[in-house]
Amino acid sequence: MNQIEIGKFIAKCRKEKKLTQAQLAEQLNITDRAVSKWETGKNMPDSAIMLELCKILGITVNELLSGEEIEMENYEKKADENLIALKRKDEHNKKKNIIISVLFSATLFIGIMVCLICDIAISGNPTWAWIPVSSIVFGWMIFFPSLLLGKKGMIMSVISLSIFTIPYLFLLSHFVKVKEVFSIGAVVAVASIVFLWIIVAVFIRIGKTRKSIALGITFLLAILFLFVMNIILSKMIGEPIFDIWDMVSSCILLILAVVSFLYDYRKERSHM
C-alpha cells in the first residue's frame with residue numbers, strides 16, 4: 001500500500017463528489033484535519049470508518065487501499081495484495097508496541113531493583129525504597145495499557161488511574177507515615193478523577209468533529225475545577241479560598257477557552 005497514492009485517490013474521489021474536506025469529515029464524524037492528513041499521505045483512514053468512507057466516495061475498500069480504480073479482471077489479485085499489506089502493517093504495529101512496552105517495563109523493573117539494592121546496602125532492610133517502588137508500580141499500571149494497545153489502551157489507562165490511585169495513596173501514606181497524604185490526597189484524587197472522566201466524555205461526544213469546541217469546554221471546566229478544589233482544600237487545611245494566582249490562572253484559562261471557541265467559529269464560517 002502506498003499512503004501517498006491512497007491520499008491522492010481519496011482527494012480525487014472527494015472532489016468528484018463535490019465535497020469539501022469539512023463536509024466529508026462531518027459525514028464521518030471526524031475532524032477535517034484527519035481528512036487532510038489522509039490526503040497528504042501522513043495517515044491512513046481508521047479501519048472502523050473505511051466502509052463508511054468508501055460508501056460516501058462511491059468506491060470499494062479494495063480500490064481505496066489500492067489508491068486507484070480497479071478493473072474487474074484485476075480485482076481479486078489486488079484484494080489479496082491489500083489484505084496481505086494490511087496484515088503486515090497490523091503485525092508491525094503490534095510488534096512495535098510490544099517492544100516499547102517490554103523496554104518500558106524492563107526500565108522500570110531496573111529502577112525498582114536499584115532502589116531496593118541501594119536501600120538494603122545502606123539500611124540493611126528495605127525502608128525508604130518502598131516509596132519509589134510503589135510509585136514506579138503505580139506509573140507502570142497507568143501507562144502500560146496505552147503503550148501496549150496504542151489509542152485503544154487510553155481508556156484502559158484512565159480506568160487504571162481511577163482504580164489504583166486511592167490504594168496507591170493509602171500505601172504512600174503508610175510508607176511516609178503521614179496520614180494527611182491519604183486523607184487529603186484521596187479527596188483531591190477523587191475530584192480530579194471525576195474531572196478527568198468528564199473531559200474524556202466531552203472529547204468522545206464532541207471532540208471527534210469539533211476538537212476546538214471540546215478544548216474550549218475543557219478550559220471552562222478547568223476553571224470550575226480550580227474553584228471546587230480551592231473550596232475543598234480551604235475546608236480541609238484552612239487555606240484562603242482564592243488568591244491572586246488563582247485569579248490569574250482563571251483568566252488565562254478563560255482566554256484560552258475564548259480563543260478555542262473563536263477558532264472553531266472562524267473555521268466553520270470558512271467552510272460555509
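Hi everyone, this is a short walk through a few side-chain contacts in this structure.

Before we start, please keep in mind that this is a predicted model, where local features need pLDDT of at least 70, side-chain atom pairs count only at pLDDT 80 or more, and totals for chains, interfaces and linings use all residues. Residues are numbered from 1 along each chain as its sequence is written, and side-chain values use heavy atoms, with hydrogens and water left out.

Let's begin with charge. Side chains of opposite charge can pair when their charged atoms come close. For a salt bridge, we ask for a side-chain nitrogen of Lys or Arg within 4 Å of a carboxyl oxygen of Asp or Glu. How many salt bridges does a search of the whole structure find? The search finds 2.

One of them joins K12 to E16, with the closest N and O atoms 2.9 Å apart. Both residues sit in helix α1, residues 3-16, and being 4 residues apart they are separated by about one helical turn. Helices here, by the way, are DSSP runs of H or I with at least four residues, while strands are runs of E with at least two, and both are numbered from the N terminus.

Are these residues buried or exposed? Our scale calls a residue buried under 20% relative accessible area, exposed over 50%, and partly exposed in between, using a 1.4 Å probe and protein chains only. K12 is partly exposed at 38%, and E16 is partly exposed at 48%.

Now for R14 and E39, whose side chains meet in a salt bridge at 2.5 Å, N to O. R14 belongs to helix α1 and E39 to helix α3, residues 32-39, so this pair ties together parts that are 25 residues apart in sequence. R14 is buried, with a relative accessible area of 8%, and E39 is buried too, at 12%.

On to the rings. Rings of Phe, Tyr and Trp (its six-membered ring) pair if their centres lie within 6.5 Å; planes under 30 degrees apart count as stacked, over 60 as edge-to-face, and the rest as tilted. Searching the whole structure gives 4 aromatic pairs. Among them is F195 with F225, a stacked pair at 4.6 Å centre to centre with 20° between the planes. F195 comes from helix α9 (residues 179-207) and F225 from helix α10 (residues 211-237), so the pair ties together parts 30 residues apart in sequence. F225 is partly exposed, at 23% relative accessible area.

Last stop: M154, which lies in helix α8, residues 154-176. M154 is exposed, at 51%. Its C-alpha atom is 9.2 Å from that of I142, a residue 12 positions away along the chain.
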